Amino acid sequence: MTEKRTPMVAGNWKMNGDRSLVESFTNALNDKAFDRMDVIVCPPSVYLSMFNAEHFQIGAQDVSHLDNGAHTGDISTEMLKELGARYVIVGHSERREDHNETNLLVAKKVARVIESGLIPIICVGEALSVREAGEEKLFIGEQVAALFSEVTADQLKQSVIAYEPVWAIGTGKTASPEQAQDIHRFIRHVLSEHDADLADGIRILYGGSVKANNAQALFSQPDIDGGLIGGASLNTKDFIAICQAAI
Ligand code: PEP
């Protein structure tokens, strides 16, 4: 990892957790001084305001691309900001699959998030069938390129990208450090066609069955700046060990 990119580990609780998990995470993470990295916890939005985060930051798992109004069940960027969120995961594969989120909708959400002053963690990644067909770079290249229909390279500079191969999410099957590095370098290459500084400066996290025992090997790759963690982000000890592997 280059000196100028600050390591980051973000936990995605998905539809898990309760008040007591909020409390144990708040206590455990506030007890640590993560001063050379960014640590983010992304609980379900209903729990955002229950955190009293001092040494870490909180983020949401999704957001509407629309402004406040007649959109039943949706949550706006302004609402997330009021609850203390700083980051928003956008385009997670579970949103793309379960809620038919397209590349265009993801790009619109990214635009809305950036405009609001929040920071998007933009997820990309291929399904197993795409990898087996040898088309992962074509697929991921399209996911990344689609962002530029709604935002400029300059606007993307503070954003974070997460490469999450769908076949590795929640499966216990991790991409090898070499496989992950290859895609991270490719994502920088796609970005460099728009802006070399963007490609060099943006943080790209790896996600997909990251655990305390494989985090270091993944995070030590030159183009991997940390991780987006699902299952292991629900346990304070495991999550802290993964954070420590990123420094
Ligand atoms: C995720 O859903 O973002 C994820 C990476 O999950 P897991 O770590 O459980 O594979």
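**View 1. Helix H6 (residues 136–146) meets helix H8 (residues 177–192), their axes coming within 10 Å and crossing at roughly 45°.** Welcome to a predicted model, in which local features need pLDDT of at least 70, side-chain atom pairs count only at pLDDT 80 or more, and totals for chains, interfaces and linings use all residues. Residues are numbered from 1 along each chain as its sequence is written, and side-chain values use heavy atoms, with hydrogens and water left out. Helices (H or I, at least four residues) and strands (E, at least two) are DSSP runs, numbered from the N terminus. Axes are lines fitted to C-alpha atoms, for helices over the stretch in contact, and angles run from 0 to 180 degrees between N-to-C directions. H6 and H8 are therefore oblique to each other (under 35 degrees is roughly parallel, over 145 roughly antiparallel, 65 to 115 roughly perpendicular, the rest oblique).

**View 2. Gln-61 sits in the loop between strand S3 (57–60) and helix H2 (77–82).** Here the Gln-61 side chain reaches the backbone oxygen of Cys-42 at 3.0 Å. A polar atom of that side chain also lies 3.4 Å from the backbone oxygen of Pro-43. Leaving aside neighbours within four places in sequence, the contacts of Gln-61 (heavy atoms within 4.5 Å) include Trp-13, Met-15, Pro-44 and Ile-89.

**View 3. Helix H1 (residues 19–30) packs with helix H11 (residues 236–245) at an angle of about 35°, with axes 10 Å apart.** Look for Ser-24, Phe-25, Ala-28 and Leu-29 of H1, which make the contact with Thr-236, Phe-239 and Ile-240 of H11.

Technical notes. Polar contact = N/O pair within 3.5 Å; in protein donor to acceptor, adjacent residues only side chain to side chain.
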